[in-house]
Amino acid sequence: KANEVFQLMQKQGVRPDEVTFSTLINAASQAKQPDKANEVFQLMQQQGVRPDKVTFNTLINAFSQTKQPDKANEVFQLMQQQGVRPDKVTFNTLINAFSQAQQPDKAMEVFQLMQ
């Protein structure tokens, strides 16, 4: 449904913003489709829309929910490279991703970054 609305917006010449893209990424995340969420993220950047903290956290969560902590960590690294400061939600989601994947050492590394 979210994709249909997005398609309609584009046909009508409405330029999506970070809220629109974050909503689409969240819809893909809820559907357990992290690759689709990442496609939307890539499209967002191609269209020159700068992702915000919510966008990054949502994409990190998409990979976390599907037990892909390394991809979640890649998004975390990109977030920092683009100058977006992680918050408690970011760290907790990433810690959860590593914990669910039975990687307690990496979860602890992320926890230490919070300090």
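A polar contact is a pair of N or O atoms within 3.5 Å. In this predicted model, such a pair occurs at the start of helix α2, where a side-chain oxygen of Asp17 reaches to within 3.1 Å of the backbone nitrogen of Val19.

**Helix α2 and Ser22**

- Helix α2 comprises residues 18–30 and includes Ser22.
- The end C-alpha atoms of α2 are 18 Å apart, in agreement with the 18 Å that its 13 residues should span at 1.5 Å a residue.
- The buried residues in α2 are Thr20, Phe21, Ser22, Leu24, Ile25, Ala28 and Ser29.
- Ser22 has a relative accessibility of 8% and therefore counts as buried, the cut-off being under 20%.
- Beyond its neighbours within four places in sequence, Ser22 is in contact with Asp52, Val54, Thr55 and Thr58.
- Lys32, which follows α2, has a positive phi, near 60°.

**Helix α4**

- Helix α4 spans residues 53–65, and its N-terminal end is capped by Asp52, a side-chain oxygen of which lies 3.2 Å from the backbone nitrogen of Val54.
- From first to last C-alpha, the 13 residues of α4 reach 18 Å, close to the 18 Å expected at 1.5 Å a residue.
- Thr55, Phe56, Asn57, Thr58, Leu59, Ile60, Ala62, Phe63 and Ser64 are the buried residues of α4.
- The cover over these buried residues includes α2, α3 (34–46), α5 and α6.
- Just after α4, Lys67 adopts a positive phi of about 55°.

**Packing of α4 with α6**

- The axes of α4 and α6 (residues 88–100) are 9 Å apart, and the two helices pack at an angle of about 10°.
- Angles under 35 degrees count as roughly parallel, so α4 and α6 are roughly parallel to each other.
- On the α4 side, Asn57, Ile60, Asn61 and Ser64 meet Val89, Thr90, Thr93, Leu94, Asn96, Ala97 and Gln100 of α6.
- The residues of this contact divide into four nonpolar, seven polar and no charged.

**Val84 in the loop between α5 and α6**

- Val84 lies in the loop that runs between α5 (69–81) and α6.
- With a relative accessible area of 9%, Val84 is buried.
- Although Val84 and Pro51 are 33 residues apart along the chain, their C-alpha atoms are separated by 8.5 Å.
- Leaving aside neighbours within four places in sequence, the contacts of Val84 are Arg50, Pro51, Asp52, Lys53, Phe56 and Met79.

Note on methods: Residues numbered from 1 in each chain as written. Predicted model: local features only at pLDDT ≥ 70, side-chain atom pairs only at ≥ 80, totals over all residues. Heavy atoms only, no water. Helix = DSSP H or I, 4+ residues; strand = E, 2+ residues; numbered from the N terminus. Buried < 20%, exposed > 50% of the residue type's maximum accessible area, 1.4 Å probe, protein only. Contact = heavy atoms within 4.5 Å. Expected span 1.5 Å × (residues − 1). Polar contact = N/O pair within 3.5 Å; in protein donor to acceptor, adjacent residues only side chain to side chain. Axes fitted to C-alpha atoms, helices over the stretch in contact; angles between N-to-C directions. Parallel < 35°, antiparallel > 145°, perpendicular 65-115°, else oblique. Nonpolar A, V, L, I, M, F, W, Y, C, P; charged D, E, K, R; others polar.
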